[in-house]
Each structure stands twice: as structure tokens, then as C-alpha cells.
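Reader: Hi! Could you walk me through this one with me?
Author: Happy to, ask away.

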Amino acid sequence: MADPNTALADKSSLDVEKIRNEFPILSKKFNGKPLIYLDNGATTHKPKCVIDRVQKFDAEEYGTVRRGSYKLSERATQLYEESRQKVADFFGTPDRKEIVFTSGTTQAINLVAYSYGRKFVKAGDEIIISNIEHHANTVPWQVLCEEKGAKLRVIPVNDDGELVLEEYGKLLNDKTRLVAVNHVSNALGTINPVKEIVKMGHAAGAKVLIDGAQSSPHMQIDVKDLDCDFYTFSGHKMYAPSGIGGLYGKMELWESMIPYVTGGDMILQVTLEKTTYAKPPARFEAGTPPITQVIGLGAAIDFITGIGMDNIFEYEKSLLDYGTRLLQGIEGLKIIGNAKEKASIISFVLDAAHPHDVGTLLDQDGIAVRGGHHCAQPTMIRFGVPATTRASMSFYNKYEELDVLAESIQKVIKMFS
Amino acid sequence: MSYDNELYQQVILDHNRNPRNFREIKSATHSCHGVNPLCGDDMTVYLDVDSEKGVIQDISFVGTGCAISKASSSLMTAFLKGKSLEESRVIFNEFHKMVLGEFDPEKQENHLGKLKLFLGIREYPSRTKCASLAWHTMIGALDRKTEGVSTE
């Protein structure tokens, strides 16, 4: 069991039991066992305050935004924009108009690939990604490059799963139009030195997009300090409802970009001959947005900032260290991704069993982990594995749950040998 | 403590550890490459068919995948060797419907023999494709699907 001495851990001021009580699903049983939810990298559960806020909004305050001249709509618009302000504050920009809502990171990256890429990337240009990107930060750039006759270049990683910055430096040149890398790798947990990556990219005259899907739930982000050009996020990984996310972009870039989705709400004026576009962020938010989800996102941001992003980072780092030590002690288990700077993700393979079998069997003990390629097949290829099992932790996880994880893995190994 | 799981029975664990017919057939008359893009399972099924008699003389597979996919491939090859093409298609249909929960060999007449071991997988919708990949690939080979098959 968790020994408080080995779990040196709890230096943070975070009360896990109190936090767990905020999450109704954590008291449910699955397969007759208490849920041990370790798939937070895929999606996170919702605290009562988010569930209640969404319900109250739908029950008492719901209305369309930016249109109606009646109170309900005016109030909904105000709440909607207040949520945008919360997102802006969370990511460290004073101007909420630099935040555009999308359905999540996938759509956010596609938006940049279209609205920036289709306008500014030309034949012969180069776009740089890394070898440890999610498919959402790979495929949109491949498609863009193919369409434009541009070239996709890839920053290699070392055997620990860290980007090799020297090689990145060599890839940069006056043809580099854009660099797109994640802040945290979803498959390995590596925290990339994005501030340095941005600085190097800018020195070469490139714009830099940071995929923040896996970082924004776990650490303090300051886009102005990073000086990145775009920073994406997914609400459902930050304890908010699914279907909402977005991105920060520098205003001068937003103003120069063409619309991605067109239709209502993103226009200034439409005649049958010609349409002029609204200013950002409306230009990039055609159609009725997911209003309720935006309100839920605001509540989720209040919740996590209430706990404190530094507290979250520190506690999750302790969980990571504790889990890493436990799993490293299991014979026949290999952790994939041993970067010095890691977020609370442990990806591993067993000599004895395939990740899908591991996932199905751990589920018998109520443990939810992800087995597969994590939408990061180039990462799997780089590390010579078809798939991994991934335990991704949140501040609502406990040391004891990692003890159960380790015991269950031992049972799987025994069964297959 | 150990797992008592209807899916991972001893026979399946054994076929996973020691897959039968896990080899290439150099003189194969039919072959097909099958993938499950969701989980990355990847295999090739080889058949040596006597075209005059319409009988599978030899059948084998190579590839990577989970225990369910490997055991299913192994049991399939062992079961189909010597069967006619017609029988093989009937068995494919029954097996495919069984793992989807649309055919119950405990209640309906069938030709599945020990393949009934995979009945339990209908309780695990996320894993049915692991069991059926080899079978789709086998049919793909018989149907000359040169572009390969995919579970998606």
C-alpha cells in the first residue's frame, strides 16, 4: 500500500478526498469494483460544479448568442463572453478577442491549417512538426503540404522521448513557414521546451503553433510569456463538457487570416454579389456555437484555477514519480518515454501481453487505461512498438489507485506467462 | 489473485503463446493483408487452395496483434485446413455473426466446433474486431482483394 514516506509526495496543499467528492462518477462501481480512472489523457470527468452550471444554464438562462434583442439572449451573450474572458485569463492574454472557440484541438489545428495555411503557405515552403505529435497535429499539415506543394519536416526525438533541439535548429531555414508541436506528448508525457522552440522558430521567421491539448489541464500556461502565435486546447480534457475547445492566436494574425467555416455570424455584410467578414473572433465562429458547453468550460476553468494550476502540477508530478517507481519495479514491464520533464502520463509495454489484452483485463479490476497507438502512430513506429498501455493521471487520482494498478499488471503478467 | 475471465480461457492463452500455422506459405495460391486501423493489428493470411477440389490444403498467417487476434488466427487456420471453400464461407458467416452477438451457437445449429470459445467476446464490443480480423482477411484472400482488408 501507499507508504506516505515513499510517496514523499504530498507537499502540495491539495485535498484529494475533498476534490474526489466533487466528481460524482468517482463513487460509482464498474465490474463490481470502484472506478480507478486513469484515462485522463483521453478525456476527464466532470465535477458537480460544471454539471450543475450546465444544468442551471439550460434550465434557466439558455438563449442564442449575439443575435436576440431580448433579455434572455442578451444575458446568454454576456455569459458566453464572460467564459471567453475566463479562457483568456487562463491562458494569459488580456484580450479575450484573441480566443476563438472550436469543438476542440483537432478543429483548432485544422482551422489554422486552413485559415493561415491556405493563405500564407506556398509551393516550396516548409512546415515543421515533431516525431511525437498526435495525428491531429500531423494530418492537417500533411494535407496542406500536399495541396500546396510544401514540404513537411520532422524534429526527431531521442530514446527518452525528448525532442532533439539541435536537429530542430538545422531544419529551420528561410523557407520554414510554420512550426507546429505539442506542449505535452499525449503518447509519452514529454513536456517539450516550447518557449525555446518558439524563440528558435521566430528567429527563422516562422510562426509557431503549440498544441496544448495535454498541457492545459495540468500546468500554468502563459501564451504571452511563451510568445507563441497559436495555442490550442480541448475543454473535455480540462473537466469541461465535450464538444468545446479552442485556441489563442495573436490578434494581428487573426486579422490577416481567411475564414475556415463560413455562414451566419461570421459576416459583416452579405449581398448576393459579395460578403465582407466580421472581425475576429466572430469571423472564425460561424453558426450557432455550442453555447451551453462554453458556459460549462467557464465553470471548469473556475474549478481548476480554484485548486491552483501550480498545486495541480506539483501533486500530479508526485503521482507520476510514485507510479513510475512502482511500474519500473515490475519485471517484464518497459516504460516508453523517460523524458526528464514529464506530465502525469506513463506509457508502457509488457513482454507478456499486448496492450489491448492489458486494457480488457485491468477493466476487470475497475481500472480504465488506454491501450493502443494513442492516435500517434509515428511515435509508436519511432519506439518500435505497435501500441502501448497508457495510464494518464489527474489530480483526483490517489497513490492507492496506482498500487492497485501495479498489482493488476502483475496479475496480467502471471496470466500470460 | 488471478483473473477469471470468460474471454481469456486456457485454450486462447495457449494459442497466443504457441500460435499454430504461424508462418508464410511460399507457394500460396491466395493471400491477403488485413489491418485494424483502430488498434494497429496487422496480419497476412496465406492459403494454398486445390482449385479442382475446392479445398483448403494449407492455411497460415503472420503478423502482430493482441492475444485475441493471435489466438483467433491460430484457431482459424487449424480449423479450416482441409475444409472446402464452401464450408469455410459458411463458418466465416457463423463466426462473424457470433462475435457480433447476432448468432448464438448454444441455441442455433452451427458448424463452429471449438471456435465457440469466442462466444464470450460478444460481451466486449471493443474487442470483437480483434477476433474477426483473421476471418475477414481469409475471406479477402479468397475474394482476391489485392488492396487488402480493413476492419474499419
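Reader: How many salt bridges does the rule find across the interface of domain 1 of chain A and domain 2 of chain A?
Author: The rule finds two salt bridges across that interface. A salt bridge here is a side-chain nitrogen of Lys or Arg within 4 Å of a carboxyl oxygen of Asp or Glu. This is a predicted model, where local features need pLDDT of at least 70, side-chain atom pairs count only at pLDDT 80 or more, and totals for chains, interfaces and linings use all residues. Side-chain values use heavy atoms, with hydrogens and water left out.

Reader: And where do the domains of chain A run?
Author: Domain 1 covers 16–47 + 308–411, and domain 2 covers 51–306; the bounds come from an automatic or database domain assignment. Their C-alpha centres lie 27 Å apart.

Reader: How much area do the two domains bury between them?
Author: Domain 1 and domain 2 of chain A bury about 3300 Å², with 56% of it on carbon and sulfur atoms. Buried area is the accessible area (1.4 Å probe) that two parts lose on being put together, summed over both. On the domain 1 side, P47(A), M309(A) and R382(A) supply 19% of the area buried against domain 2, more than any other three residues.

Reader: Which residues are in contact there, by count?
Author: 42 residues of domain 1 of chain A are in contact with 37 residues of domain 2 of chain A, contact meaning heavy atoms within 4.5 Å.

Reader: Switching to the chains: what do chain B and chain A bury between them?
Author: About 1700 Å², 58% of it on carbon and sulfur atoms. The contact takes 20 residues from chain B and 19 residues from chain A.

Reader: How many salt bridges does the rule find across that one?
Author: One salt bridge is found between chain B and chain A. D357(A) pairs with R127(B) in a salt bridge, their closest N and O atoms being 3.0 Å apart.

Reader: Nice. Back in chain A, which residue forms a salt bridge with K340(A)?
Author: E162(A) does, with the closest N and O atoms 3.7 Å apart.

Definitions and conventions. Residues are numbered from 1 along each chain as its sequence is written. Chains are lettered from A and ligands numbered from 1 in the order in which they are written.
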